[in-house]
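Open the model in your viewer and keep the sequence panel beside it. This tour tells you what to select next and what is there.

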Amino acid sequence: MQDIIDGLPKKAKDKHKDNKKYFTKLKNRPPKNLDTVMVDLHDAEFEKTDCLECANCCKTTSPIFTTKDITRISKHFRIKDQRFIETYLAVDADNFFVLKTAPCTFLADDNTCSIYNVRPKACQEFPHTNRRDFHKISDLTLNNVAICPAAFNIVEAMKKTIGLGKNPKGQKYKFNGRD
């Protein structure tokens with residue numbers, strides 16, 4: 001797995017220009033059932049992907065912590081929100097709360113999360129490949145393919161699937177009224 005993780009930034013960089021072009025086209029004219037396609041691709045990938053083998057997202061990036069996340073996690077630790085913020089969080093250039101350090105403070109040596117049941121929404125939804133209105137998060141997805149092997153695989157499968165008009169089970173999808 002480490003070889004895959006180590007090679008991922010280069011693979012993502014090599015495909016970045018083509019992926020950016022692809023996502024621009026997708027954003028301008030998204031298929032009617034793009035979200036359905038993405039859920040299928042996401043589910044198919046995560047049937048064979050074990051995040052505990054990787055945890056690269058937790059080792060290299062920070063999620064955004066919403067006010068609800070901060071309150072929920074603070075309650076879990078039985079501390080005040082402000083103390084949680086002061087202890088664990090910083091404000092990034094976009095004025096979002098993020099972790100002060102990487103890897104994630106809550107990541108254990110076995111790649112499990114010590115706050116899994118109360119983890120931030122961004123962690124719950126990562127890599128966001130099954131999200132509604134998927135075409136609206138292309139910049140986020142372009143970043144995530146360099147971090148998450150599953151996101152990389154999903155985007156590659158998406159390009160093939162949407163280009164061929166078939167879903168992962170071999171059934172045809174209709175895109176904008178065409179087969």
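Start with a rule for rings: those of Phe, Tyr and Trp (its six-membered ring) pair if their centres lie within 6.5 Å, and planes under 30 degrees apart count as stacked, over 60 as edge-to-face and the rest as tilted. By this rule the count comes to 9 aromatic pairs. Some of them are stops below.

Two notes on the source. This is a predicted model, where local features need pLDDT of at least 70, side-chain atom pairs count only at pLDDT 80 or more, and totals for chains, interfaces and linings use all residues. Residues are numbered from 1 along each chain as its sequence is written, and side-chain values use heavy atoms, with hydrogens and water left out.

**Whole chain**

Show the cartoon. The chain has 8 helices and 2 strands; helices (H or I, at least four residues) and strands (E, at least two) are DSSP runs, numbered from the N terminus. Along the sequence the pattern reads α-α-α-α-α-β-β-α-α-α. The C-alpha atoms fill a box of roughly 55 × 35 × 30 Å, taken along the principal axes.

Of the 179 residues, 37% count as buried. Buried means under 20% relative accessible area, exposed over 50%, partly exposed in between (1.4 Å probe, protein chains only). A contact means heavy atoms within 4.5 Å. Residues 24 or more positions apart account for 67% of the contacts in the chain with a separation of 6 or more.

**Helix α1**

Select residues 2-28, helix α1. How far apart are its end C-alpha atoms? They are 36 Å apart, which agrees with the 39 Å that 27 residues should span at 1.5 Å a residue. The expected span is 1.5 Å times one less than the number of residues.

Now centre on H16. Helix α1 bends there by about 55°. The bend is the angle between axes fitted to the seven residues ending at a residue and the seven starting there.

Colour the buried residues of α1: I5, L8, A12, N19, Y22, F23 and L26. Stop at N19. Is N19 buried or exposed? At 2% relative accessibility, N19 counts as buried. Leaving out residues up to four places away in sequence, N19 touches L142, V155, E156 and K159.

**The largest core**

Select F23, L26, M38, F134, M158 and I162. These have the most contacts inside the largest nonpolar core, which has 21 residues. A nonpolar core is a set of buried Ala, Val, Leu, Ile, Met, Phe, Trp, Tyr and Cys residues joined through side-chain atoms within 4.5 Å. The elements giving two or more residues to this core are α1, α2 (34-48) and α8 (149-164). The largest share, 7 residues, comes from α8.

Zoom in on F134. Beyond four places in sequence, F134 touches F23, L26, L34, D35, M38, H128, T129, T141 and M158.

**Ring pairs**

Return to the pairs counted by the ring rule, 9 in number. F23 and F134 form a tilted pair, 6.1 Å centre to centre with 50° between the planes. The pair links distant parts of the chain: F23 is in helix α1, and F134 is in the loop between α6 (121-125) and α7 (138-144), 111 residues apart. F23 and F134 are buried.

Next, select F84 and Y88. Their ring centres are 5.0 Å apart and their planes at 45°, so the pair is tilted. Both lie in helix α5 (residues 81-88), 4 residues apart, about one turn of the helix.

**The α6–α7 loop**

Go back to the loop that holds F134. Select H135, in the loop between α6 and α7. H135 counts as buried because its relative accessibility is 16%.

A cis peptide bond joins F126 and P127, with omega about 5°. Then pick H128, also in the loop between α6 and α7. H128 has a positive phi of about 70° although it is not a glycine. At 7% relative accessibility, H128 counts as buried.

**Last stops**

Select P103, in the loop between β2 (97-99) and α6. The peptide bond from A102 to P103 is cis, with omega near 0°. Finish at A55, in the loop between α2 and α3 (56-60). A55 is not a glycine, yet has a positive phi of about 60°.
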